[in-house]
Amino acid sequence: MSEKSLHLRLGIFTSLFALFLVLFAIPTFVFAPSNVGNIILSPLFWPYVLAGLTGVIGLGLLASAFKPGANVPFEDEEGTAHPERAAPWLRLAALGVIMVLVMFGLPRLGMVWTAMLAFAACAFLFRTRHPIVALVCAVIVPLLLYAFFAHVAGVAIPQGNFVRLP
Amino acid sequence: MSLMDSLAAGLSLVGNVEAFFMLFCGLVIGVIGGAIPGLSATMAVALTLPFTFSMAPINGILLLLGVYKGGIFGGSIPAILIKTPGTPASSATILDGHPMAERGEAGRALGMALYASCTADAVSNLSLILFAGWLASFALNFGPPEFFALILFSLTIIAGVSGESLLRGALSALAGLLLATVGLDLVYGTNRFTFGDPNMMGGLNFIAVLIGLFAIPEIIAMAWNPVAHLGRTRALGKSKCTLADYLGSFKSIIRGSMIGVFLGSIPGIGAAPSAFLSYSEARRTSKNKANFGKGEIEGVAASEAGNNGVAGATLIPLLALGVPGDVITAIIIGAFMVHGLQPGPMMFILNVDIIYGLFIGLIVSSVFLLLVGSVAIRGFKFVADVPKRILMPGVLVLCIYGVYAVNNNIFDVGVMFVMGWVGYIMMRNRIPAAPFLIAFILGPLLEDNFRQSMLMSGSDPLILFRGPITWFFWLLTAITVFAITRSTLRKRVPLS
Amino acid sequence: MKLRTLGSVLALGVGLIAGPALAEYPERPINMIIPYGAGGATDISARTIAEPLGSAVGEALVMANVTGAGGATGSVAVQNAKPDGYTMLFARVGSHSVNPAMKATLPYTLDDFRFVTVYEINPVACAVRPDSGIDSMDALVAKVAEGGVSYSSSGVGSLLHLAGAMVLKEFGVEDPLSQATHIPQQGGGAAATAVLNGTATFICTNSSALASFVSNGQLKPLMVTTAEPVVGFDAPTANDLGKPALNQLVGWTGIAGPDGLPDDVATKWGEWMAAATEDETFRSTMEARGSVIELMDPEEANAFILEQYNTFRALVDELGMRIEG
């Protein structure tokens, strides 16, 4: 990837995002009372300023994409052709799914059990060379953390609906 | 009462094993608490507070101060080792500390963090003792217009941490500013980007955003390429921080301590901006400028000096005015009140023994920190040797626990995950994360102080230039912006 | 939202399985949610009572600060919790009478909670800088007529916000919203500092938050809102000034559970609180901070809060302070 293509991509995205903010997001999701005395005190003022600046940066990125000398690839870039083809993308997706499941599991299973599952799932997703150690850690680490946070720090760690720990 | 009498009175209060033992315990608790991401120095102090209710006042306060100081240093340990700041103040330490650890120089980085912290701590304590009254009355001159000018100047730090492209740094900063608008409006209390969710009304939790932005992208990157780290040395090795390292960074350490003292004595800024400001000043003046962000030891020194320099100075407004300088001192002030002590000018007359007892304890604390810190570095050393593919799931689990513990809210874990993906996308697109964070901290302060100024003056913008302090910061801002523009143009790769 | 429904269905199912074999309440630690940050008035009050309360309850009390949105985030967490008495809230004047009175957008109302007690009352005091030349409420009101008077608060919908407007209104200022400027700050500490450094003219807040400034001579109290004088505050009471209506303007801390809390749980809390507030250490600690320990049983607490809410609501509607967006 060169700076030219990166800035082109970022520039287009940023400019469109600024438009999205000004035209849709700010009017819809920012509420201002009707009796605002002065426009600069309105809750809308700062978001609009930021949206405007975003637009400026977007245009700046676009402009810099078209200046001479930008078409040099970055030196420390990893090769575009990944040796594993689609596998990295699948792993990213899997990690995303793990995170969603963690969010689902935390209030229901409780933090300890969810964390154990998440630890094990991640370790295998990363294809660890020490599967036994990973499993042992997956059980011990969340338990130790639980003992510390719940009993030393006095934090109400979510317990879930099934198995409660002391 | 003469100075000697006061000192003697103070000494008689703290001149027992118990007081020093409490201080020591505090430092140990603080370093451990600070080293656990999400637990942070603030939490550690809050958790220790109830134990002080039954102690003698001076012992309780020394315990809390120990936790505070230990926590601010402790935060740098995970920042360096696993790229997860243990406490917000140590996020600047990541910038150079973690690359050093990746290079197998974790020991050197940690050593420097400790020495810089102790030095800054000592400078900060001395300033408290010598200049408390003067700095406090100066701090009282800071109203919203002065804050606005100061924060505007602080935003120029962004240029210093943008890395290879100022434009992409600015993009990152704007994203941070926009994200910081989520929550209830300060002046009118209306919803901004909350989508009706009560969890978002309080704004996004700072620590969740922080950890999401720095630690989680590492884990995601691991999923992308689990073997990227192989072949690189990560072990702590024999690398140590040498005297030459320390002397080489000494100027930055002292400068960072001064910045810390200055920002710490003004209520409401806190340690994180100070660390970043110190870092960017060190980068600007260093001869190894190009190496900053890639594992420059002076960067670690500057950041740690910047955040620990705050730790003693926040006591200036607390003791001299009774005003808490940040969240942590707000908790500590609770300990004073429980014991019927009312910090403020009168305390220097009514409870002079306690004041001098505190001063003596503070001076000792810098030395204790050095001891506790060196043991802690050895204790946490093993983290660098854990195989990375087992370490990373562990970090994930630790972050889940830690971020939950900050506000006892599962929603924050979700914020952390989402910010993790944002951070990963930024990483892949070579957008630096540090400007995002600085903007996220400073953005609301800038907006709030602007609007408070406008409320004060009835919307007359001239109030933003109302006195010498504002002029000074406006001038500083103008000079910095000019310098940044000139150096970018000079590089012949304009704005990139 | 779908997820939540599914979750509650699941939870209900599990609840049915776990079924009726309910042992004596409490059989496990109770989560006590503090909707404000560590070191604040609510936090200190909660953590001080936790000690004697814990021994009265016989099970551990797990204190959890859930901060954000002026107490709303923590309150919502309890509102959505199972009404089994294992998740309780330290409710405060800001979160449970000012906020509901002022914010139309608040995700909860008073009906979503069942109060088991109010145990602490904090008098409110108004103060100015000694060098401001204002030495009485009348002088303050006269100054308001000249213009340029402002008051600080810890945010929109806080007790301080309402108190400033209510006090001025009571002293005859027709339209306090336009005649005096409200300058919100981030938190109570910042609000007091704003008066100290001259950003705002006066502040009305809990006497405990002002005590150290008053005793240090940094702030001058103009009045306290209680009928009785407050120790350490050399200022007339609201009744001395002929404004007994201001007696309603006090801070308080109480304990609430979600609506639907069983009666026996509420009764138990009444007993525990009676035992806990007898504790000598608790009393002396709280009184040293300027609070008045006044234990109310569930009915009294509900009536007290409702009355205060109605007073505030009437004022908010009259002045047009309600936040709709």
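**Pro26(C).** I looked up Pro26(C) and found it in the loop between helix H1 (2-18) and strand S1 (30-34) of chain C. Helices (H or I, at least four residues) and strands (E, at least two) are DSSP runs, numbered from the N terminus. The peptide bond from Tyr25(C) to Pro26(C) is cis, and its omega is near -5 degrees.

**What I am reading.** I note that this is a predicted model, where local features need pLDDT of at least 70, side-chain atom pairs count only at pLDDT 80 or more, and totals for chains, interfaces and linings use all residues. Residues are numbered from 1 along each chain as its sequence is written, with chains lettered from A and ligands numbered from 1 in the order in which they are written.

**Phe193(B).** Next I checked a loop in chain B, the one between strand S2 (191-192) and helix H11 (198-201), where Phe193(B) lies. Phi of Phe193(B) is near 50 degrees, which is positive although the residue is not glycine.

**H7(B) and H14(B).** I then took helix H7 (residues 106-139) and helix H14 (residues 250-265) of chain B, whose axes come within 8 Å and cross at roughly 40 degrees. Axes are lines fitted to C-alpha atoms, for helices over the stretch in contact, and angles run from 0 to 180 degrees between N-to-C directions. H7(B) is therefore oblique to H14(B). (Under 35 degrees is roughly parallel, over 145 roughly antiparallel, 65 to 115 roughly perpendicular, and the rest oblique.) The crossing is right-handed, meaning that the near helix is turned clockwise from the far one by less than a right angle. Among the residues that meet are Ala116(B) and Val123(B) in H7(B), and Ile253(B) and Gly260(B) in H14(B). Contact here means C-beta atoms, placed from the backbone, within 7 Å. (Ala, Val, Leu, Ile, Met, Phe, Trp, Tyr, Cys and Pro are nonpolar, Asp, Glu, Lys and Arg charged, and the others, Gly among them, polar.)

**H14(B) and H15(B).** H14(B) also packs with helix H15 (residues 271-285) of chain B, at about 145 degrees and with axes 9 Å apart. I found five nonpolar, six polar and two charged residues in that contact.

**H20(B).** Where does H20(B) bend? I found a bend of about 30 degrees at Ser366(B). (The bend is the angle between axes fitted to the seven residues ending there and the seven starting there.)

**Chains A and B.** Last, I looked at where the chains meet: 56 residues of chain A are in contact with 50 of chain B. The side of chain A that touches chain B has 44 nonpolar, nine polar and three charged residues.

Definitions and conventions. Two residues are in contact if their C-beta atoms, placed from the backbone, lie within 7 Å.
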